[in-house]
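Dear colleague,

Please find the structure below, handed over for your own work. My notes on the ligand site, a helix pair and some backbone features follow it.

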Amino acid sequence: MNQAQYFTTPIYYVNDTPHIGHVFSTLLADIGARTAQLEGNEKFLLTGTDEHSTKVTDAAQARGLPVETWARDNAHAFRQAFGAFTIDFDDFIRTSEPRHKESVCLRIEQLMTTGDVYLGEYVGWYDAGQEEYVPDAKAKQYEYKSPINKKPLVQRTEKNYFFRLSRYQKPLLTLLETGELKIHPSSRTAEIIARVRDGLSDIPISRHSAEAWGINVPGDPSHVVYVWVDALFNYLTAIDNAERRHLWPATLQVVGKDILWFHAVIWPAMLLALKQIDGNEWLSLPRNILAHGFWIREGEKMSKSMGNFVGIKDLHKYCGEFGVDGMRFFLASAGPVGASDADFAQSRLIESYNANLANTVGNCFNRVIGMVSRYFDGVVPASAPHASEFIQNIAELSRVSRERAQAFQYDKMISSALAVFRAIDQHVNLTEPYKLVKQADNFAQVGHILHDCLEALRHGALLLWPVMPTSMTKLLHSLGCLKDGELPSFIHGRSVSTGCCITETRVMFPRYQETR
Ligand code: MSP
């Protein structure tokens, strides 16, 4: 083991059932965690649900259900959805759990002792749909309408607890400018820096408890902690104990671009404030934040009012047609991993599945395994005495792909992994083992070619394992490179070995015919 690595996802509002955006954020974190595991690290993946929101109480009320029941059932739906996508989470946190309440109260109390949380009065523009105050300059720019649902912003005056965010403008700027606090893709850093330079005002962090379901401000039952502040602490709650504290700081916090401000400014500022307190020195800042773009659908923005979300039912249907791994592959390779948005169009899904999985990965695997079965009775032939140029080329592609994974560019990581499979196909076309085999003298040479191809398949399978764990595990099993119950690893993995028996598996990734 090199290191303990901690990956987090946003925690999801349980006002409705899961949709593609939730699955996507979680999938990226899962790919990150699995990549860390593959590199020989201890990994920990946290996901969960954000429950103390008026969106949640409104949804429960609309159905005539107690909010606890509604939240519990929906939290279950999120767990199920992530399970169905083979997300290997190590903990699932719900903000209504006692462990979270305790943790939030402790942290707020600590912030009160340093004066970073204080009681004051706030007047400001409020976006009720988003449950957030909008700074005056932004409100003007938005023409006093919510940029999300276009409803008018309202003026609100409240006696509130505040977080002294203004105190952290300078340290945050330094951390962002020096790259100590890393935001990916880097284009997002400039946006955040520009906003921080504009100035940071203290922010209200409480609501009157009559209005909200939530965690009481310690010592003041008339206020509950603002849902966003409550939610951000989840990342600490889950690991703030003797067995897990070594996981901090988080290796990667995955978020959507819409919630980057909270994660790149408010959350780090709260951590800086907490870190000054005796005993909290371990609370350094997260190492990386990945802010992904948005999925749109067939060219249109997805929204409740349009009723065009790719919801969990649609996702299950697609998993039935393309396989869970097929869907994970499409989401990660064609999705908005970087700064741009991406279109969820059925035609793109079919095209990507057929071109990359059926024609490239699947075809390459079936072709090589087929030849080893036919010419060598399924026994791995001997390798050449020296590593071929082809194998050196594969090692280089593998290096590039791993480097991209370390930079959290999962879409790019996949494209160099696919290049491995393409290279195998090309190598077969170029060396023509199927022709060479017709002459007995060439038998050893054919063996060398196929040995190399099997070894290259192993590399390709390892590279794609974080994205398609089930099918790539099968592939590694059939190459004899993985025993039952073993986890694949770049570090401890074994190469294909001469004399070992290949087990044929079902045709991988059958071509998708639209008429099916
Ligand atoms: N509860 C807050 C997060 C608190 S984290 C301390 C929240 N929840 S959410 O359920 O509304 O959204 C969670 C995630 O889903 C965000 O990362 C958001 O970007 C993502 N998505 C929601 N719609 C999306 C798309 N259409 N496309 C991609 N991801 C999007 O915000």
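A polar side-chain atom of D50 lies 2.7 Å from a nitrogen atom of the ligand, a polar contact in the sense of a pair of N or O atoms within 3.5 Å (within protein, one atom must be able to donate a hydrogen and the other to accept it, and residues adjacent in sequence count only if both atoms are side-chain atoms). The protein buries 93% of the 660 Å² that the ligand exposes when taken alone; accessible areas come from the Shrake-Rupley method with a 1.4 Å probe, and for residues only the protein chains shown count as cover.

Please note that this is a predicted model, in which local features need pLDDT of at least 70 and side-chain atom pairs count only at pLDDT 80 or more, while totals for chains, interfaces and linings use all residues. Residues are numbered from 1 along each chain as its sequence is written, and side-chain values use heavy atoms, with hydrogens and water left out.

A backbone N or O atom of Y13 is 3.2 Å from a ligand oxygen, and an N or O atom in the side chain of H22 lies 3.2 Å from an oxygen atom of the ligand. The elements that give two or more residues to the shell are β2 (12-13), α1 (20-38), α8 (227-232) and β13 (252-256); helices (H or I, at least four residues) and strands (E, at least two) are DSSP runs, numbered from the N terminus. There are 22 residues around the ligand, of which I11, D50, G256, D258 and W295 come nearest; a residue is near if one of its heavy atoms lies within 4 Å. The shell comprises 12 nonpolar, 8 polar and 2 charged residues. Here Ala, Val, Leu, Ile, Met, Phe, Trp, Tyr, Cys and Pro count as nonpolar, Asp, Glu, Lys and Arg as charged, and the others, Gly among them, as polar.

Turning to the helix pair, α13 (residues 346-376) and α17 (residues 443-464) pack at an angle of about 145°, with axes 10 Å apart. Axes are lines fitted to C-alpha atoms, for helices over the stretch in contact, and angles run from 0 to 180 degrees between N-to-C directions. The residues of this contact (heavy atoms within 4.5 Å) divide into 16 nonpolar, 1 polar and no charged.

As to the backbone, cis peptide bonds join H184 to P185, with omega about -10°, and W248 to P249, with omega about 0°. P185 lies in the loop between β8 (182-184) and α7 (187-197). E298 has a positive phi, near 45°, in the loop between β15 (295-297) and β16 (300-301).

Yours sincerely
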